[in-house]
Structure formats: C-alpha cells, structure tokens
Amino acid sequence: MTMADDDDDFLFQDEEEDEADEVSELVPGMPPWQVLIVDDDPEVHAMTRLVMRKFAFQGRGLAFISAYSAAEALEVMKGEHDIAMILLDVVMESDDAGLKLVPRIRDELGNRAVRIILRTGQPGQAPEDAVIAGYDVNDYKAKTELTARKLVTATITALRAYHHIRMLERSCLGMERVAGLGLCQMALSGPSSAAGAALDQMAEVLEQPADGLFCVIYGADRLSARILAGRGRYQDAAGHPLATVADTGALATALRSPGDLRHEFTDDAMTLAWPLTPQASSGGGAHAGAVAMLHLHLARPLDEIARRLALLMMMRIADALVTAWVLEQARDPA
C-alpha cells in the first residue's frame with residue numbers, strides 16, 4: 001500500500017531542519033549504526049536516507065537497510081544480528097502487517113535489543129495507546145507529525161537505549177566467561193602452562209587475537225624478568241628476559257613507570273600488572289613481592305566494560321598462578 005500524496009513530505013513538515021544542531025562529528029573507522037526501514041513506499045526510504053544522511057551519534061553514522069514488506073523485513077532480521085533500530089510501517093501487505101511483525105521479532109527471533117519505532121500514515125487504524133499496551137514497540141509516530149527534527153530525536157533516543165542494552169548484555173556474557181574459566185585446571189598444569197592458558201583465555205574473553213606475553217616480575221629490575229609464556233609475535237619469547245621484547249608501546253610505558261607497576265591501555269595494546277599474594281611464598285619465599293604481568297596486543301580498542309572484565313580476569317589469573325606455585329612447591333619441596 002502506498003501513502004497518500006499529502007504524506008510524502010512528512011519528514012519536512014512544520015519545521016526547518018538545522019542539521020548542525022542535531023548531528024555530532026563522525027569518527028573515522030567507527031562502524032555505523034544499522035537501521036532497518038520497513039515500508040512499502042519507496043519515497044519513505046528515500047526521504048529517510050536524505051534527512052539522516054549527516055546524522056551521527058557517538059561518532060557513528062547510520063547504515064540503512066531497506067525492506068518493503070513485513071515478510072522481507074523478517075528475513076533481513078534473521079540474517080542481521082546487529083540492527084539497532086527499525087522504522088516500521090503498520091500498513092503494508094495487510095492493514096496490520098507491521099504490528100504482526102513485532103511479536104515475530106521479539107518472540108520468534110528472541111531479539112529484545114532492537115528498538116522498534118512504529119510509523120503509520122493512518123493512526124486511527126492502530127490507535128497509539130492500544131499499540132503501546134499490546135505490542136513490544138519503543139515508540140509510535142504518526143507520519144504526519146514526524147518532522148525531520150523529531151525523527152533525529154527519536155533516533156538518538158533509540159540508539160542510546162540500544163547501546164545501553166548491548167553493554168549490559170556484553171557485561172553479563174563477559175562475567176559468565178570469567179566465571180567459567182578453568183582456574184583449577186590452570187593451577188594444576190604448573191606456572192608456565194598456566195601463564196599460556198591465561199593468555200589464551202584473556203584473548204578469548206575479550207574477543208581479541210592471542211598475541212601477547214605473560215611474565216612475573218621481581219624487584220626493581222623489571223627488564224630482567226623472564227617471560228613465562230608468549231603467543232603471536234612472542235611465540236618464541238618464553239624463557240627469555242623482558243629486555244629482549246620490551247621496547248615501545250604500552251608495555252615499555254608500564255615498565256618505565258616509577259614505583260609500582262600499573263595498568264596501561266592504548267588503542268592497540270594493554271598491559272595489566274597484578275601483585276601476587278603472600279601465599280605464593282609459603283613454600284620458601286621465592287615469590288614474595290612478585291607481580292604478574294600480562295601484555296596483549298589489540299585488534300581494536302577496549303571499551304570500559306572490556307577493561308573491567310580484563311582486570312577482573314587478571315585478578316583471578318593471579319590467584320590461579322599462586323595456586324600453581326604452591327602445588328609445584330608441594331610436589332618438589334627442594
């Protein structure tokens with residue numbers, strides 16, 4: 001079904017858009033937010049793209065996907081798992097095609113994160129209060145009242161909510177991964193094997209390549225510390241002193257810092273330092289005052305959630321390493 005001609009310019013009705021007031025700066029390299037337009041009128045797709053062409057939120061622009069029926073939209077949603085927002089028409093192949101699509105997305109596909117903004121050219125056919133009460137949609141707009149400025153505002157609200165939902169989902173998933181770490185198995189495997197497992201599991205939890213090193217530092221002469229395990233570019237560094245690889249970047253910065261070692265995060269690397277507990281020296285004192293250090297190169301920067309997960313995981317890895325030392329000393333007291 002095609003909208004009436006007097007609805008064709010709904011995006012520009014009543015207001016003149018001052019785009020400079022509504023958009024933020026695009027950050028090069030940032031992936032765009034994916035937005036699905038579901039409407040049987042090609043003009044709606046064209047005008048939405050035109051109005052939002054300069055839009056940016058959190059440094060990210062928009063990438064539009066078009067569907068011209070509810071059936072086509074459902075197929076798109078089955079194949080795309082990071083669509084942030086749907087601009088959904090009510091009346092398409094049937095008078096309530098858009099409404100029927102909502103429970104299929106929410107229940108059949110299990111997608112609770114995507115924000116759905118319902119748009120209708122015939123609000124009397126789907127009253128707002130009944131729709132909001134009966135369907136899991138996030139906003140309801142009559143096409144005749146949806147000006148360019150209101151569309152921008154609604155999009156910002158939807159993207160902000162989607163971002164928060166995804167952050168919570170990632171946080172919960174990360175916590176599950178950290179909780180599921182095989183720390184007992186790491187401890188039983190011995191310090192060197194535990195260090196290698198720590199690198200592998202850190203990379204897995206953060207969804208980064210396994211490209212880093214793990215060592216334990218004693219005293220002020222940090223560069224003399226020997227590497228317990230290495231991955232990626234440090235694959236052959238195990239057994240060698242840090243001085244052979246610590247030249248530039250986050251690792252060098254951390255090693256040069258006065259006083260205690262500290263965590264260092266850059267866009268392409270992280271260095272985590274965690275003091276080992278006195279328990280590690282219970283068999284002879286050799287590891288008193290030691291600091292475990294993990295250095296990992298990054299394919300992409302870590303956000304705040306990923307950094308917190310990394311620190312939580314490092315704390316648990318240090319505990320596993322302490323246990324590995326204690327077990328090793330118990331097996332070989334000499």
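Q: What do "buried", "exposed" and "partly exposed" mean here?
A: Buried means under 20% relative accessible area, exposed means over 50%, and partly exposed lies in between, using a 1.4 Å probe and protein chains only.

Q: Where does this model come from, and how are residues numbered?
A: This is a predicted model, where local features need pLDDT of at least 70, side-chain atom pairs count only at pLDDT 80 or more, and totals for chains, interfaces and linings use all residues. Residues are numbered from 1 along each chain as its sequence is written, and side-chain values use heavy atoms, leaving out hydrogens and water.

Q: What's pLDDT, and what is its mean for the protein chain?
A: pLDDT is the predictor's confidence in each residue, from 0 to 100. Its mean over the protein chain is 81. 78% of the residues reach 70 or more.

Q: Where does pLDDT stay under 50?
A: One stretch is residues 14–22. Another is residues 279–286. The model has 15 contacts beyond four places in sequence for residues 14–22, and 13 such contacts for residues 279–286. A contact means heavy atoms within 4.5 Å.

Q: How should I read places where pLDDT is low?
A: Where pLDDT is low, the predicted coordinates should not be read in detail.

Q: OK, new topic. How many helices and strands does the protein chain have?
A: It has 10 helices and 10 strands. Both are DSSP runs numbered from the N terminus: helices are H or I with at least four residues, and strands are E with at least two.

Q: Which strands form the open sheet, and in what order?
A: 5 strands form it, in the order β2-β1-β3-β4-β5. The pairing is parallel. Two strands pair if DSSP finds at least two bridges between them.

Q: Which are the edge strands?
A: β2 and β5. Each pairs on one side only.

Q: What about the twist?
A: From one strand to the next, it averages 20 degrees. Axes are lines fitted to C-alpha atoms, for helices over the stretch in contact, and angles run from 0 to 180 degrees between N-to-C directions.

Q: Which helix packs on the sheet?
A: Helix α3, residues 70–79. It touches β1, β2 and β3. The direction of α3 makes about 160 degrees with that of β1.

Q: How many bridges do β1 and β2 pair over?
A: 6, in the parallel sense. As an example, Leu 36 has Ile 65 in β2 as its bridge partner.

Q: Now charges. How many salt bridges are there in the whole structure?
A: A search finds 14. A salt bridge is a side-chain nitrogen of Lys or Arg within 4 Å of a carboxyl oxygen of Asp or Glu. Side chains of opposite charge can pair when their charged atoms come close.

Q: Which residue forms a salt bridge with Lys 143?
A: Asp 39. Their closest N and O atoms are 2.7 Å apart. The pair links distant parts of the chain, 104 residues apart. Lys 143 sits in the loop between β5 and α6, while Asp 39 sits in the loop between β1 and α2.

Q: Are Lys 143 and Asp 39 buried or exposed?
A: Lys 143 counts as buried because its relative accessibility is 1%. Asp 39 is at 0%, so Asp 39 counts as buried too.

Q: What does Arg 106 meet in a salt bridge?
A: Asp 136, at 3.3 Å from N to O. This pair also links distant parts of the chain, 30 residues apart. Arg 106 is in helix α4, and Asp 136 is in the loop between α5 and β5.

Q: Which residues do shared partners join into one network?
A: Salt bridges that share partners join Arg 106, Asp 107, Arg 112 and Asp 136.

Q: Switching to the backbone: what is phi of Gln 58?
A: Near 55 degrees, a positive value in a residue other than glycine. Gln 58 is in the loop between α2 and β2. Its relative accessible area is 38%, so Gln 58 is partly exposed.

Q: What about Glu 207?
A: Its phi is near 55 degrees, again positive in a residue other than glycine. Glu 207 lies in the loop between α8 and β6, and is partly exposed at 47%.

Q: Last one. What share of the protein chain is buried?
A: Buried residues make up 48% of the 334 residues.
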